[in-house]
Amino acid sequence: MKKNRNVGIVGVGQSVYSSHREEVNQPEMIHEAVVEALEMAGITMAEVDCVVHGNMELFEMVHQPDLWHTLGTGAWGKESLRVTTGGTTGATLAAAADHLVASGLHDVVLAIGFEKLQEGHTTGGITNMADPLWGRQLQTGALTGMTAAQMIEEFGAERAKAAAMAYRILMDANAMKNPKAHRRLGLRPDQAEELAANSPALVGELRMIHMCSQSDGACAMIFASEEKARQLCAQPAWIEDHVTAHREEMFCLFGNAPVLTTHRHCARKLFARNGIRDPRREIDLFEMYDPSAWWGLDWLREFLLLEGDEHLRMVESGAIAMDGDFPVNPSGGVIASNPIGATAMVRVAEAALQIMGRAGGHQLPRPVRRALASGFGGTMWTVLFLLASDTERQAAA
Amino acid sequence: MELTPDLRDCFTVPGKLALPYTYFAGRIGSRFLLALQEEHRILGVRCAGCATVLVPPRATCDRCQADLADTWVEVGPAGRVENFTVVRYADRHVPEPVPLVLALIRLDGADTPLVHRLGGMDPEAVRVGLRVTAVFAAEPRDTLLCIDHFRPLAPQPSAAGPRPQGG
């Protein structure tokens, strides 16, 4: 990616993620994240030039929420922009903030993603994404059993189901270390068989235990030009690159599987233009938008450009655990916390916190020099970020 | 250039979006509604930094970011019409028979105007500067319509007589 100037992440704020936040309205909940991000950056709203705001369309039945959220965002008198690209919104907000600072238009940009899923009707909103003529009467909202079916066909039911449940239990172990995570269930590996048998079936082999939560929450991030970032922060998380790919594919209704996924497409492009030949060795951490245990498991293969069953072996061996050689989602991921308009931003934010050394109880035990973060949405949309520390950038220079 | 498309055998697909929601009022909004419902009192918050009383209340001052959670003051129930408009077309989203008067009313003690409806008078007689007061709904409601409408403090020429309670 050609940049006019470098951009660093210097502040991250997150509300607690929860199933219910009756005690705060939307701007009040957003304000919690904004205050925390400003505190981490050590600035006030006076130093913020522009506010970028986004969430899912229709989910709370609020039109132009950026306008009346000004009470909590601090955007009064600032330039501002609303971004809404479905599930990828949070990552697109980070991309937009990066563009605004890298271009030289603004020195400091505050990006805010939020959702209060308990206030609306998620599946009602998502269902209306489908084509009114070909798909709207024939789909199941965000829930799909397609990936489970494909993995069972490829690897056999016993191994595929066991790996999906192992992924789920590993993610819960991470969430237990993150006090802001929504679902912290305390699952144990010896519960795998019981969960597989007793968790309510949703679609095909996708069960309730595999699926992400529906959360209320907000995330705020502060992006600064290199000059500003160095003044504000001892270790900013530098935005090295990001790639976005969107596709309307109706889940193979019109095409024949297998198709090149947008995940693999983005990963190939990102790695090629950043000289990454062996992502598992050259990248220290991956915060992945994993809407279900099946997708998290399957998408490891796509994002890491793996073949065969290597992704299953990464889960079976514990390589993706916090102490493994390629940690995935120390935050607990999307399965633990899913305030959708914030969710993809939380991936970038958590990757940044790991680089900044500010992740608290779920900070990785070794330094994070280079991190990946992904957003997912639509029928198959991807935003893929590459972040780096000063150490990494000096080594590359 | 005149467009003359061939519309024979072109389908249109009717549909309907149904999006139920439940808005969480939050602690500040809830206190405001409870005071309206149970005590017929109208509350605002006062930002010391901006020396401003804000109605409806909010948790944070949008200008200076001050925390306003415990700065309650009582305002009204009388106030002044700062501006108004007359709705003269009927549609599904218009809750009342037309003509309907919507007004910005600055309550006594407040610095910001509140949007509400005016009743009990001829729409043609409404003027900026008119003194009005709140008429509370007989039954409790979960919204700002705990105040059913505002009416003139002094008798005014009335075309329709006292306004019936709406909702």
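Predicted model: local features only at pLDDT ≥ 70, side-chain atom pairs only at ≥ 80, totals over all residues.
View 1. The contact draws on 25 residues from chain A and 20 residues from chain B. On the side of chain A that touches chain B, at least two residues each come from H1, helix H3 (70-73) and helix H5 (122-127) of chain A. H3(A) gives the most to this side, with three residues. By type, the residues of the side of chain A that touches chain B are eight nonpolar, 10 polar and seven charged.

**View 2. Helix H1 of chain B, end to end.** Here we follow helix H1 (residues 26-39) of chain B. At 1.5 Å a residue, its 14 residues should span 20 Å, and the end C-alpha atoms are 19 Å apart, which agrees.

View 3. Which residues of H1(B) are buried? They are B:Gly26, B:Ile28, B:Phe32 and B:Leu36. Because these residues cover an arc of only 145° around the axis, they lie on the same side of H1(B). On the face of H1(B) turned away from its buried side, you will find the exposed residues B:Glu38 and B:Glu39.

**View 4. What covers the buried residues of H1(B).** Both chains take part in the cover. It includes helix H1 (26-41) of chain A, along with strand E1 (42-47) and strand E8 (147-152) of chain B.

**View 5. The nonpolar cores.** The largest nonpolar core has 113 residues. Those that touch the most other members are A:Ala37, A:Ala111, A:Met221, A:Met345, A:Ala352, A:Phe385 and A:Leu387. Helix H15 (residues 340-356) of chain A supplies the largest share of this core, 11 residues. There is also a second, separate core of 30 residues, with B:Leu36, B:Ala59, B:Leu130 and B:Phe136 among its members.

**View 6. Around A:Met221.** What does A:Met221 contact, leaving aside its neighbours within four places in sequence? Its partners are A:Ile9, A:Gly11, A:Val12, A:Ala37, A:Ala94, A:Ala111, A:Met345 and A:Ala349.

**View 7. Chain A on its own.** The secondary structure of chain A consists of 16 helices and 11 strands. With 397 residues, a compact globule would have a radius of gyration near 21 Å, and the 20 Å of chain A agrees. The C-alpha trace of chain A spans about 55 × 50 × 40 Å along its principal axes. Of its 397 residues, 55% are buried. Among contacts in chain A with a separation of 6 or more, 80% join residues 24 or more positions apart.

**View 8. Chain B on its own.** Chain B has one helix and eight strands, and from the N terminus on its elements run α-β-β-β-β-β-β-β-β. A compact globule of 167 residues would have a radius of gyration near 15 Å, but chain B has 21 Å. Along the principal axes, the C-alpha atoms of chain B fill a box of roughly 65 × 45 × 40 Å. Buried residues make up 28% of the 167 residues of chain B. Residues 24 or more positions apart account for 52% of its contacts with a separation of 6 or more.

How values were computed: Residues numbered from 1 in each chain as written. Chains lettered and ligands numbered in written order. Helix = DSSP H or I, 4+ residues; strand = E, 2+ residues; numbered from the N terminus. Expected span 1.5 Å × (residues − 1). Buried ≥ 20, exposed ≤ 12 C-beta atoms within 10 Å, placed from the backbone. Arc of directions from axis to C-beta. Contact = placed C-beta atoms within 7 Å. Core = buried A, V, L, I, M, F, W, Y, C linked by C-beta atoms within 7 Å. Nonpolar A, V, L, I, M, F, W, Y, C, P; charged D, E, K, R; others polar. Rg over C-alpha atoms; globule rule 2.2 N^0.38 Å.
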